[in-house]
Amino acid sequence: MKLTTKELTTCALLTALALALSYLENLFPLAAAIPLPGVKLGLANVVTLFALYALGPGQALLILTGRCLLGAVFAGNMNALIFSLLGGLSAMGAMIPLSRRRRLSVYGVSIGGAAAHSCGQVAAAVLTLGSRAPVGYLPVLLGVSLLTGTVTGLLAACLFRALGHTSLR
């Protein structure tokens, strides 16, 4: 994929924004509201959704991969990279075809991405632990995905509405 300077700059800015949102999300204890291990709202996924619709799947995938790699490097937690990448790539693998369905809104795409992200993270847990025990936690994560996917879909819809008059949409 060959990117123009403007496209590369846009991808870099959106990657930085996604990293900042991911870091910001860690400052707010979601565990107080939803006391389940491994549950995050996924604010950085708003950027991924925006990039998917505004820039296309190739650039959205580039932003997602950059966020996962840089997030692991900055956090100093390379063990989390497999969870982040498998979750993110699973979500993107679901959201790309879902976004092409005309009858499915950004909410549906976001919920589908959140569910696929949970599946990818459970797969990462199975690979890392060498046990199928994490699969038992999947129904809980899928239930939470309905909530988190709806919230990130709502935020993305608000972003699209706010940027509707610009050339970014």
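Cys119 has a relative accessibility of 36%, so it counts as partly exposed. The classes are these: buried means under 20% relative accessible area, exposed means over 50%, and partly exposed is in between, with a 1.4 Å probe and protein chains only. This is a predicted model, in which local features need pLDDT of at least 70 and side-chain atom pairs count only at pLDDT 80 or more, while totals for chains, interfaces and linings use all residues. Residues are numbered from 1 along each chain as its sequence is written, and side-chain values use heavy atoms, with hydrogens and water left out.

Staying with the cysteines, how many disulfides does the rule give? The count is 0, where a disulfide is a pair of cysteine sulfur atoms within 2.5 Å. For Cys68, the closest cysteine sulfur is that of Cys11, at 14 Å, which is too far for a bond. Cys119 is in no disulfide either; its nearest cysteine sulfur belongs to Cys68 and is 16 Å away. Cys68 has a relative accessibility of 3% and therefore counts as buried.

Now the overall build. The chain has 6 helices and 0 strands, and from the N terminus on its elements run α-α-α-α-α-α. Helices here are DSSP runs of H or I with at least four residues, strands are E runs of at least two, and both are numbered from the N terminus. With 169 residues, the chain has a radius of gyration of 16 Å, close to the 15 Å of the globule rule, so it is as compact as a globular protein of that length. That radius is taken over C-alpha atoms, and the rule is 2.2 Å times the number of residues to the power 0.38. Along the principal axes, the C-alpha atoms fill a box of roughly 45 × 35 × 30 Å. Of the 169 residues, 35% count as buried.

Next, the open space. The largest pocket has a volume of about 1000 Å³. The pocket lining has 21 nonpolar, 16 polar and 3 charged residues. For the classes, Ala, Val, Leu, Ile, Met, Phe, Trp, Tyr, Cys and Pro are nonpolar, Asp, Glu, Lys and Arg are charged, and the others, Gly among them, are polar.

On method: on a 1 Å grid over the protein atoms alone, a cavity is a set of points where a 1.4 Å probe fits but cannot get out, a pocket is an open set with protein on both sides within 12 Å along at least five of seven lines, and lining residues have an atom within 4 Å of a point. Grid points are joined across faces, edges and corners, and a volume is the space filled by probe spheres set on the points.

The largest cavity has about 60 Å³ of space. Its lining is Asn45, Leu49, Ala91, Met95, Ser110, Gly113, Ala114, His117 and Thr152. Helices α2, α4 and α5 each give two or more residues to this lining, and α5 gives the most, with 4. By class, the cavity lining has 4 nonpolar, 5 polar and no charged residues.

On to the rings. There are 2 aromatic pairs; rings of Phe, Tyr and Trp (its six-membered ring) pair if their centres lie within 6.5 Å, and planes under 30 degrees apart count as stacked, over 60 as edge-to-face and the rest as tilted. Why is the pair of Tyr53 and Phe160 edge-to-face? The ring centres are 5.6 Å apart and the planes stand at 75°, so the pair falls in that class. It joins distant parts of the chain, with Tyr53 in helix α2 and Phe160 in helix α6, 107 residues apart. Tyr53 is partly exposed at 30% relative accessibility, whereas Phe160 is buried at 6%. Phe50, Tyr53 and Phe160 are linked by ring pairs into a cluster.

Two residues outside the helices to finish. Gly136 lies in the loop between α5 and α6 and is exposed, with a relative accessible area of 60%. Its C-alpha is 9.2 Å from that of Val122, 14 residues apart in sequence. Leu3 lies in the segment before α1 and is partly exposed, at 24%. Leu3 and Leu62 are 59 residues apart in sequence and 11 Å apart in space, C-alpha to C-alpha.
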